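User: Please take me through this structure by question and answer, with the cut-offs stated as they come up.

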Amino acid sequence: MKKVGVLLCGCGNMDGSEIQETVVTLLTLDKLGIKYVCMAENREFEVSNYLEKKLTNEKRNMLKEGARIARGDISNIKKVNVSDLDGLIIPGGVGNIRNLSNFFKDEESVKVSPDVEKLILSFFNEKKPIAAICISPLLLAMVLGNKNIEITLGNSLNIIEKAERLGIKHFICKETEIHIDKKNKIVTTPAYMYNTTIKNIALGIEKCVTKFSEFLGS
């Protein structure tokens, strides 16, 4: 049975992993008969007030918060061995960019968390498939921008322009669509980069995870 890693960074779209996108991802993997290992960094992040849509002075732990979505079955990223996994999926959520990079603070000299950068590079260099959802392809752009990869971030022109400056090739897709970088085994879908419904993002994610699964072991 194939086994893949699912990278989380908290619980909630504004300051962590997008819950609905993550649940649809895990559900689709289960339907396909693919085992998964949820993982996150064991460090703190700034918490958002979801009612007022602003950051607070509170801090929480990414691993503990990710455990809420994973029902406690989650691993510290430092203890995950890429050789034990066949692929990597990164669900969406602004937290992926806020918690795992300095993109919102320094767009000209972007840096990704060393553990996450190492994880993404390991899967890419071992030619194992990667799927990224919503804004998470921007993480791939920051790490793999010099690798001639292709992604979609929907039709958000501001984000697209910033991603293209990192060196990637961008393709506009609807939330129900996916982009396939066959050469690099990278599959992406916009999901909640659009103001849309859970039904539509589920269609896109199901397609994304299904195509990703076809690359496993290839």
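**Helix 1 and the cysteines**

User: How many residues has helix 1, and what is its reach from first C-alpha to last?
Analyst: In this predicted model, local features need pLDDT of at least 70 and side-chain atom pairs count only at pLDDT 80 or more, while totals for chains, interfaces and linings use all residues. Residues are numbered from 1 along each chain as its sequence is written, and side-chain values use heavy atoms, with hydrogens and water left out. Helices (H or I, at least four residues) and strands (E, at least two) are DSSP runs numbered from the N terminus, and the expected span of a helix is 1.5 Å times one less than its number of residues. Helix 1, residues 19-31, is close to the expected 18 Å, with 13 residues and a reach of 18 Å.

User: Which residue follows helix 1 with a positive phi?
Analyst: The phi in question is near 75°. The residue that has it after helix 1 is Gly 33.

User: How many disulfides does the structure hold?
Analyst: A disulfide is a pair of cysteine sulfur atoms within 2.5 Å. The sulfur of Cys 208 is too far for a bond, because the closest cysteine sulfur, in Cys 173, is 10 Å away. The number of disulfides in the structure is 0.

User: Is Cys 208 buried or exposed?
Analyst: Buried means under 20% relative accessible area, exposed over 50% and partly exposed in between, with a 1.4 Å probe and protein chains only. With a relative accessible area of 0%, Cys 208 is buried.
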